[in-house]
Amino acid sequence: MTFIGELAFQGCSGLTSIIIPNSVTSIGRGAFSGCSGLTSITIPNSVTSIGNDAFYGCTGLTSVTIGNSVTSIGNDAFNGCTGLTSITIPNSVTSIGGWAFQGCTGLTSITIPNSVTSIGDYAFYQCSGLTSVTIPNSVTSIGQYAFYECSGLTSVTIGNSVTSIGDYAFRYCRGLTSVTIGNSVTYIGQYAFDGCSGLTSVIIPNSVTSIGKHAFSSCSGLTNITIPNSVTSIGYGAFSNCYGLTSITIPNSVTYIRDAAFYGCSGLTNITIPNSVTFIGYSAFWSCSALTDVYALRTNASDYNAISSAFQNNKVIAAATLHVPTGSKESYASLAPWSYFGNIVEEDLTPVSQVVLDNQDKTIVGYYNLQGQRIAKPQSGQVVIVRYGDGTSRKMLVK
């Protein structure tokens, strides 16, 4: 026998064990689906493929040994195997199919080998028992909903070969506190980390050019985020309802700030909007109830093409200060939404390459953000306070 056919043992709920001989090379679609009494299975080294739905709904299955010749795990192969607690995927496997381990709520650990190049859509959807996952450097793509609602997941490391994080990939992973994103990722999908309320900080690598719609929305524990100079577009609602964020520096590479990008960031106290921005969408900064300072770096307010409702015309904005380049106050005071600010102050906000001193005899002893916290290295587009060795300080913009 070389092949176990489609639906061969489907629904054999009384089956508790089976020996698959070394002559078998493939397990067909749904071959053991619904065998709820099956507790363990050993797939021999002769098998090269596990078909779609092969062990679907084998709720009693606690142990699986996969032979080292298997190259693909089919769609829904172990979907609904709620008793499964761990599984080792051999180095021969190159692809994990969609829904492959969906709903395996008992699964606490998974080892993804360096041979795997793709993780399918919904592959580990609602595996609520998973606590950590390392995605190796061999993987180039993470499918949509791949780890959706893995509520027990606390840390994720995404390898350096991954170029895109699929839409909804880690949505509602509420236990997630740490994410390391590899330096080949160019796109963070829409809703990718939406609702990851335990996430406190994330570093977006310099490879990322676009942050998708609602990518980090409702990450209420997020207190700081570094947006690199590679990003050109911040998507619709990308950081909406991130209540813990206190400040954000938008780098000089960003051209589009989409609708509701920072909506409901009630902890946000200051924002720097660089002169690269050419569009600010509807309600981009609405309900930022703690906002006190906004730094707008363009000399002509109309060049931002800001929708008049980008900021609310309310008492919060009326009490906030808008900092603008010298000679541009009139431009801002005559154009909504900038005219909503109760206090518009002209300052020397001319960009400088890092920090160039007027008096080269002065020695820089430290950089500080606008909250007075010391920072190791200022970022492009960031307004910082520079402290000199003679005890004086100066507010400057980093180019």
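Contact here means that heavy atoms lie within 4.5 Å. In this predicted model, Asp76 is in contact with Asp53, Ala54, Tyr56, Gly98, Trp99 and Ala100, when residues up to four places away in sequence are left out of the count. The chain has a mean pLDDT of 91, with 94% of its residues at 70 or more, and the structure holds three salt bridges, which are taken up one by one below.

**Asp76, a charged residue without a partner**
- Asp76 is placed in the loop that runs between strand E6 (72-73) and strand E7 (86-88).
- Although Asp76 is buried, it has no salt bridge, and the nearest side chain of opposite charge, that of Arg29, is 9.5 Å away.

- Arg29 counts as partly exposed because its relative accessibility is 38%.

**Asp194 and Arg171**
- The side chains of Asp194 and Arg171 form a salt bridge at 2.6 Å, N to O.
- Here too distant parts of the chain are linked, 23 residues apart: Asp194 belongs to the loop between strand E16 (187-188) and strand E17 (201-203), while Arg171 belongs to the loop between strand E14 (164-165) and strand E15 (178-180).
- Asp194 is buried, at a relative accessible area of 5%, and Arg171 is buried as well, at 16%.

**Asp303 and Arg298**
- Asp303 and Arg298 bring their side chains together in a salt bridge of 3.8 Å, N to O.
- Asp303 is partly exposed, its relative accessible area being 33%, whereas Arg298 is buried, with a value of 16%.

**Confidence along the chain**
- Confidence in the chain is highest in strand E24 (residues 279-280), at a mean of 98, and lowest in strand E29 (residues 374-375), where the mean is 68.
- Over residues 352-357 pLDDT stays under 50, and for this stretch the model has 17 contacts beyond four places in sequence.
- Where pLDDT is low, the predicted coordinates should not be read in detail.

Methods. Residues are numbered from 1 along each chain as its sequence is written. This is a predicted model: local features need pLDDT of at least 70, side-chain atom pairs count only at pLDDT 80 or more; totals for chains, interfaces and linings use all residues. Side-chain values use heavy atoms; hydrogens and water are left out. Helices (H or I, at least four residues) and strands (E, at least two) are DSSP runs, numbered from the N terminus. Buried means under 20% relative accessible area, exposed over 50%, partly exposed in between (1.4 Å probe, protein chains only). Lys and Arg count as positive and Asp and Glu as negative; His and the chain ends are not counted. A salt bridge is a side-chain nitrogen of Lys or Arg within 4 Å of a carboxyl oxygen of Asp or Glu. pLDDT is the predictor's confidence in each residue, from 0 to 100.
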